[in-house]
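Could you walk me through this structure, element by element? I would like to see how the pieces relate to one another.

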Amino acid sequence: MTHMYSNAGRDDLWNKLTEAMQKEGKDINIKEVMDCWTLQMGYPVVTISKNYSLDHSVTITQEHFVYDRDARFRDPELFNR
């Protein structure tokens with residue numbers, strides 16, 4: 001066990017999940033997938049609206065939400081140091 005009685009970092013988790021996928025015969029780099037999602041600032045807000053009066057159509061929109069609009073994006077490479 002690699003991290004028994006010690007700490008594991010984010011990349012350690014991604015590496016182990018990638019290894020598990022490879023054992024299943026899937027060539028997926030979990031770090032590549034997750035870093036672009038978890039290291040970006042803010043999060044998506046999804047809004048779903050239904051038009052009850054006309055044709056009962058549904059409209060789905062997504063926008064990027066950032067609590068502090070003046071915040072600066074940090075380079076993801078800084079997280080790996």
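Here is a short tour, starting with the ground rules and then moving along the chain.

This is a predicted model, in which local features need pLDDT of at least 70 and side-chain atom pairs count only at pLDDT 80 or more, while totals for chains, interfaces and linings use all residues. Residues are numbered from 1 along each chain as its sequence is written, and side-chain values use heavy atoms, leaving out hydrogens and water.

Y5 sits in the segment before α1; helices (H or I, at least four residues) and strands (E, at least two) are DSSP runs, numbered from the N terminus. Y5 counts as exposed because its relative accessibility is 80%, where exposed means over 50% relative accessible area, buried under 20% and partly exposed in between (1.4 Å probe, protein chains only). Its backbone deserves a look too: Y5 is not a glycine, yet has a positive phi of about 65°. Most residues other than glycine have a negative phi.

Next comes helix α1, which covers residues 10–23 and has 14 residues. From first C-alpha to last it reaches 20 Å, close to the 20 Å expected at 1.5 Å a residue; the expected span is 1.5 Å times one less than the number of residues. After α1 comes G25, with a positive phi near 85°.

Now for the charged side chains. A salt bridge here is a side-chain nitrogen of Lys or Arg within 4 Å of a carboxyl oxygen of Asp or Glu, and by this rule the count comes to five. One of them pairs D11 with R10, the closest N and O atoms being 3.9 Å apart. R10 also meets D35 in a salt bridge, at 3.7 Å from N to O. That pair links distant parts of the chain, since R10 belongs to helix α1 and D35 to helix α2 (residues 30–38), 25 residues apart. D11 in turn forms a salt bridge with K31, with 3.2 Å between the closest N and O atoms. Because D11 lies in helix α1 and K31 in helix α2, this pair ties together parts that are 20 residues apart in sequence. Through shared partners, the salt bridges join R10, D11, K31 and D35 into one network. How accessible are these residues? D35 counts as buried at 14% relative accessibility, whereas R10 is partly exposed at 27%, D11 at 23% and K31 at 23%.

I48, in strand β1, is exposed at 59% relative accessible area.

Finally, look at the loop between β1 and β2, where S53 lies. S53 is exposed, at 65% relative accessibility, and a polar contact of 3.0 Å joins its side chain to that of N51. Such a contact is a pair of N or O atoms within 3.5 Å; within protein, one must be able to donate a hydrogen and the other to accept it, and residues adjacent in sequence count only if both atoms are side-chain atoms. H56 is found in this loop between β1 and β2 as well. Although not a glycine, H56 has a positive phi of about 60°, and it is partly exposed, with a relative accessible area of 46%.
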